[in-house]
Amino acid sequence: MFRIILTSFLFISSLMAFNVKSLLTYTFNDNTSYDIEKAKNIYFQNKCNVCHGDNGEKTSFNKRAIKDLSPAQIKGSLKDYANGYYKNNDTENIQMGIYAKKLSDNDINHIIAYLKGQNFSIELNQKDLLEEEPAPKTKHNTFLK
């Protein structure tokens, strides 16, 4: 029975050109260029700058600066906070959860655009398309030279 369900799922998903990567990571629409002024307004209206700095440069509560995180890490963290997935119930985690719950998916993408540049989604998808080929093997059939 399990095989039938799995096989039918794989068949249906292949018909729909299902992207398995989207199950494992957060993906972004590659046709979107975000309005930086709107993104900046969302960042400041939601008071992100109070703890994280005007450009996401502050390291607060012994955590990395959000400007150093990848777009997927930022989006994943905000989603986790919004859903209440954090290690402990510190005041900063609870407070971050309250702020994250207010954000829509579009707001999160705009915040990422403010921190990473308005064309971040286009650049991310270009990187995926232009992944480097592995180094050619040497005469001893290894990758090391």
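Biologist: What volume does the largest pocket have?

Modeller: Start with the general idea. Rolling a probe the size of a water molecule over the atoms shows where empty space is left. Now the case here, in a predicted model. The largest pocket has a volume of about 600 Å³.

Biologist: Which residues are the closest to the centre of that pocket?

Modeller: His-52, Ile-66, Leu-78, Tyr-81 and Met-96. They belong to a lining of 27 residues.

Biologist: Which helix gives the most to the lining?

Modeller: H6, with 6 residues. At least two lining residues come from each of H4, H5 (71-82), H6 (91-101) and H7.

Biologist: Let us step back to the fold. How many helices and strands does the protein chain have?

Modeller: There are 8 helices and 0 strands. Read from the N terminus, the order is α-α-α-α-α-α-α-α.

Biologist: What share of the contacts links residues 24 or more positions apart?

Modeller: Take the contacts with a separation of 6 or more. Of these, 62% join residues 24 or more positions apart. Burial is a separate count: 26% of the 145 residues in the protein chain are buried.

Biologist: Now a single helix. Which residues of H3 are buried?

Modeller: H3 spans residues 36-45, and Ala-39, Ile-42 and Tyr-43 are buried in it. To read a helix like this, look down its axis. The buried residues of H3 fall within an arc of 100°, so they line one face.

Biologist: What sits on the face turned away from the buried side of H3?

Modeller: The exposed residues Glu-37 and Gln-45 are carried there. On the buried side, the cover includes helix H4 (48-52) and helix H7 (105-116).

Biologist: What should I look for at the start of H3?

Modeller: Check the side chain of Asp-35. One of its oxygens comes to within 3.3 Å of the backbone nitrogen of Glu-37.

Biologist: And just after H3, which residue takes a positive phi?

Modeller: Lys-47, at about 60°. Lys-47 is not a glycine, yet its phi is positive. It is in the loop between H3 and H4. Lys-47 is partly exposed, at 47% relative accessible area.

Biologist: Asn-46 is in the loop between H3 and H4 too. Is Asn-46 buried or exposed?

Modeller: Use the cut-off: buried means under 20% relative accessible area. Asn-46 has 18%, so it counts as buried. Set aside the neighbours within four places in sequence, and Asn-46 is in contact with Tyr-99 and Leu-103.

Biologist: How many disulfides does the structure hold?

Modeller: It holds 0. Judge a cysteine pair by the distance between sulfurs. A disulfide needs the two within 2.5 Å. The closest cysteine sulfur to that of Cys-48 is in Cys-51, 9.2 Å away, which is too far for a bond.

Biologist: How accessible are Cys-48 and Cys-51?

Modeller: Cys-48 is buried, with a relative accessible area of 14%. Cys-51 has 28% and counts as partly exposed.

Biologist: Next, a lysine in helix H5: Lys-75. Is Lys-75 buried or exposed?

Modeller: Lys-75 is buried, at 4% relative accessible area. For a polar residue inside, look for a partner. The side chain of Lys-75 makes a polar contact of 3.0 Å with the side chain of Asn-109.

Biologist: Back to H6. Which of its residues are buried?

Modeller: Asn-93, Gly-97 and Ala-100. Look down the axis again. The buried residues of H6 fall within an arc of 70°, so they line one face of the helix.

Biologist: What do the buried residues of H6 pack against?

Modeller: They pack against H5. Beyond its neighbours within four places in sequence, Ala-82 is in contact with Gly-97, Ala-100 and Lys-101.

Biologist: How far apart are Ala-82 and Ile-94, in sequence and in space?

Modeller: They are 12 residues apart in sequence. From C-alpha to C-alpha, Ala-82 and Ile-94 are 9.5 Å apart.

Definitions and conventions:
Residues numbered from 1 in each chain as written. Predicted model: local features only at pLDDT ≥ 70, side-chain atom pairs only at ≥ 80, totals over all residues. Heavy atoms only, no water. Buried < 20%, exposed > 50% of the residue type's maximum accessible area, 1.4 Å probe, protein only. Helix = DSSP H or I, 4+ residues; strand = E, 2+ residues; numbered from the N terminus. Arc of directions from axis to C-beta. Contact = heavy atoms within 4.5 Å. Polar contact = N/O pair within 3.5 Å; in protein donor to acceptor, adjacent residues only side chain to side chain. 1 Å grid on protein atoms, 1.4 Å probe; cavity = no way out; pocket = protein on both sides within 12 Å on 5 of 7 lines; lining within 4 Å. Points joined across faces, edges and corners; volume = space filled by probe spheres on them.
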